Amino acid sequence: AQLAGKPQPAAKLSITVTGVRNSDGVVRCALFNSPEAFPKIGQEWRGVIAPIRGAAANCVFSGVPAGTYAVAFFHAEHNETQLTTGMFGKPQQGYGFSNNATGSFGPPNFNAAAFRYDGGNMALQGSLTY
């Protein structure tokens, strides 16, 4: 039973990104809801920019329907809008994925980073690799 005049808190899916090497710039997180889109730039379902505080950043996605998702994130030290890669496609910024998934050559596949979200508040952890 809901109390009159008391709004229910909005469901939040958050991921705390740790291992940030400095407080320059921001951490950008992208939430993906399909294997076909993951982790392609511009094909995320929703993106969030989080400030860095104490070597960590907290990306919060609100109003997310229940489903299967994966998160990709990177440290935009110079406020870049997308991850840049150098020789052999190695990212030039710190990056990571939900479940701390890794790929052997390139990013992990969607299933490695995927998790089930049933609504409500869910907090995930992830760490950056430089």
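**Salt bridges and a disulfide**

The model is predicted: local features need pLDDT of at least 70, side-chain atom pairs count only at pLDDT 80 or more, and totals for chains, interfaces and linings use all residues. Residues are numbered from 1 along each chain as its sequence is written, and side-chain values use heavy atoms, with hydrogens and water left out.

Strands here are DSSP runs (E, at least two residues), numbered from the N terminus. Glu77 counts as buried because its relative accessibility is 13%; buried means under 20% relative accessible area, exposed over 50%, and partly exposed in between (1.4 Å probe, protein chains only).

The other salt bridge joins Arg116 to Asp118, whose closest N and O atoms are 3.1 Å apart. Arg116 is partly exposed at 49%, whereas Asp118, at 60%, is exposed.

The structure also holds one disulfide, defined as a pair of cysteine sulfur atoms within 2.5 Å. Cys29 and Cys59 form this bond, with an S to S distance of 2.0 Å. The pair connects distant parts of the chain, 30 residues apart, from strand 2 (residues 26–32), which holds Cys29, to strand 4 (residues 56–62), which holds Cys59. The torsion about the S-S bond of Cys29 and Cys59 is about 70 degrees, so the disulfide is right-handed. Both Cys29 and Cys59 are buried.

Note on methods. Helix = DSSP H or I, 4+ residues; strand = E, 2+ residues; numbered from the N terminus. Salt bridge = Lys/Arg side-chain N within 4 Å of Asp/Glu carboxyl O.
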